[in-house]
Amino acid sequence: MRLADKVVLITGAGSGIGRQTALHCAREGARIVAVDLNQSTAEKTADEVAEQNGQAIAVQCDVSRAADCEHMVQQAEENYGRLDVLFNNAGISHIDDDDAINTEEDVWDLTMDINLKGVFLGCKYGIPALLRAGGGSIINTASFVALLGAATPQLAYTASKGGVLALTRELAVIHGRDNIRVNALCPGPLRTEMLMKYLDTEEKRQRRLVHIPMGRFGEAEEIARSVVFLASEDSTFITGTSFVVDGGITAAYVTPE
Ligand code: NAD
C-alpha cells in the first residue's frame, strides 16, 4: 500500500475530485481527514471510507476562514497524531464569473477568497504540522485554465488558479530542504458536477470536446490517482510542478476530427 499509515487531509472532500481522492487514498492505507464546507457531504465521504474498511473523520470548514483552517489541521493532529499530506482542493466556479466588464466585484472576491486565499490558509496552518511530522507532500488544485486562455471567460476563476500555480512554486522553493514537496495539480475538463452544470446540453459538451485530443472528459477518479502519486513515495523528486492531467488539451493546437 502506497500510503500506509499516512494522514491525508483533503479539502472539498464532499464531492468530485476530493471525494474520489479520499476513497483512493484510504484504499492505499491512508487515514483521511475529509474536510468540506458541507458537513453532511464530508460525513458521507467519511462513511464511504469506513464502508471500505478505511479510517476517516469528517470536519466542517470554510477554507476562506483562518480559524476554520486552523481547526481542520488541529483535528488531524488530535485524532491521528500527525499530518503527512495536505490536499488543498476545495474550489468554486461562480455562475456569474465572466469577463472584466461583466464580473462583479463580489464574485471576484468570493472566488479569490475560496480558490486562492483558501490554499494559502491551508498552507499557513498545514505546513507547521507537516514540519512537526518531519516533512510531507502538499498538492494544490489549480486547473488547465491557469495555463491557457479561453474565449468563454471565467476571469476570477482563471486568475485564482494562476495564483495557485505561483504560490505553489514559491512554497516548493521555500520548503525544498524541509522534506516538504509542493505541487499544483492542473486537471483538464472533467465530467463532474462543477463543469456539467455549465455544459448542460450535448451541443455545449461537444463544443468543449473539440479541444480535447482524447475526445472525452476526464473522470474525478483519474485525478484522484494522480493525487495518490503526488502524495506517495513514488514522486519523491517531484516538487514545484504544474502537474497537468488533461487528456492532452494543453498540448493541442488543432485536434483530430
Ligand atoms: P465539486 O464542486 O464537485 O467539489 C468541490 C467541493 O468543495 C464541494 O464539496 C464543495 O462543498 C467544497 N467547497 C466549496 N467551497 C468551499 C469552502 N469555502 N470551504 C470548504 N469546502 C468548500 O468540484 P470538483 O470538480 O471536484 O473540483 C475540485 C477542484 O478541482 C476545484 O478546486 C476545482 O476548481 C478544480 N478543477 C475542477 C475541474 C472540473 O472540470 N471539474 C477542472 C479543473 C480544476
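**Strands, charges and salt bridges**

Reply: In strand E5, Ser137 is the bridge partner of Val85. A word on the ground rules: this is a predicted model, in which local features need pLDDT of at least 70, side-chain atom pairs count only at pLDDT 80 or more, and totals for chains, interfaces and linings use all residues. Residues are numbered from 1 along each chain as its sequence is written, and side-chain values use heavy atoms, with hydrogens and water left out.

Me: In which sense do strands E4 and E5 pair, and over how many bridges?

Reply: Helices (H or I, at least four residues) and strands (E, at least two) are DSSP runs, numbered from the N terminus. Two strands pair if DSSP finds at least two bridges between them. E4 (residues 85-88) and E5 meet that rule in the parallel sense, over 4 bridges.

Me: How many residues of strand E5 are buried?

Reply: Buried means under 20% relative accessible area, exposed over 50%, and partly exposed in between (1.4 Å probe, protein chains only). In a regular strand the side chains alternate between the two faces of the sheet. Here Gly136, Ile138 and Asn140 point one way, Ser137, Ile139 and Thr141 the other way, and all are buried. For E5 (residues 136-141), the count is therefore 6 of 6.

Me: Which residue is linked with Arg2 and Glu28 in a network of salt bridges?

Reply: Arg2 itself is partly exposed, at a relative accessible area of 35%. Its network takes in Glu28 and one further residue, Asp234.

Me: Is Glu48 buried or exposed?

Reply: Glu48 and Lys44 are both in helix H2 (residues 39-51), 4 residues apart, about one turn of the helix. Their side chains meet in a salt bridge (3.6 Å, N to O). Lys44 is exposed at 51%, whereas Glu48, at 17% relative accessibility, counts as buried.

Me: What separates Arg207 and Glu203 in helix H7?

Reply: Arg207 forms a salt bridge with Glu203, at 3.5 Å between the closest N and O atoms. Both residues are exposed. In H7 (residues 202-209) they are 4 residues apart, which means a separation of about one helical turn.

How values were computed:
Salt bridge = Lys/Arg side-chain N within 4 Å of Asp/Glu carboxyl O.
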